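Me: I am new to this structure. Please take me through one part of the surface closely, and then show how that part sits in the whole.

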Amino acid sequence: MDRERNQSQLRLLVVSNLYPPRFLGGYELGCAEIVNGLRRRGHELTVLTSRHGVEEPCVAGHVHRLLEFR
C-alpha cells in the first residue's frame, strides 16, 4: 500500500519571481495556495524564488530564496 502511495506522489519544482510573504498581487498568493494544497495532499514541492526583500540567499523549509530579482 505504501508503494502505491509513493508512486502517485509528485515531486515538483515551482519557479516564481516573487513568493509570499513578498508579493505584488494575486498571482503570488494564488501560487502559494496551490503549493500549500498540494503539500497537504502529500506531494513534495520546492519553491525557487528571488531574494527580493532579504539580504542574503536563504532556504526556509521548502522555499529557496536564491535568485536575483529583476
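Reply: Leu13, Val15, Val59, Leu66 and Leu67 make a nonpolar surface patch of about 430 Å². A patch is built from residues with over 30% relative accessible area and no salt bridge; nonpolar side chains (Val, Leu, Ile, Met, Phe, Trp, Tyr) are joined within 5 Å, and like charges within 9 Å. Areas come from the Shrake-Rupley method with a 1.4 Å probe, and for residues only the protein chains shown count as cover. Two elements give two or more residues to this patch: β1 (11-16) and β4 (63-67). Strands are DSSP runs of E with at least two residues, helices are runs of H or I with at least four, and both are numbered from the N terminus.

The model is predicted: local features need pLDDT of at least 70, side-chain atom pairs count only at pLDDT 80 or more, and totals for chains, interfaces and linings use all residues. Residues are numbered from 1 along each chain as its sequence is written, and side-chain values use heavy atoms, with hydrogens and water left out.

Valine 15 sits in strand β1. Valine 15 counts as exposed because its relative accessibility is 52%. Exposed means over 50% relative accessible area, buried under 20%, and partly exposed in between (1.4 Å probe, protein chains only).

A salt bridge needs a side-chain nitrogen of Lys or Arg within 4 Å of a carboxyl oxygen of Asp or Glu. Side chains of opposite charge can pair when their charged atoms come close. The structure holds one salt bridge. Arginine 11 is exposed, because its relative accessibility is 66%. Glutamate 44, at 38%, counts as partly exposed.

Now the whole. The protein has two helices and four strands. Along the sequence they follow the pattern α-β-α-β-β-β. The C-alpha trace spans about 45 × 25 × 15 Å along its principal axes. Of the 70 residues, 26% are buried. The accessible surface comes to about 5300 Å², and carbon and sulfur atoms hold 52% of that surface.
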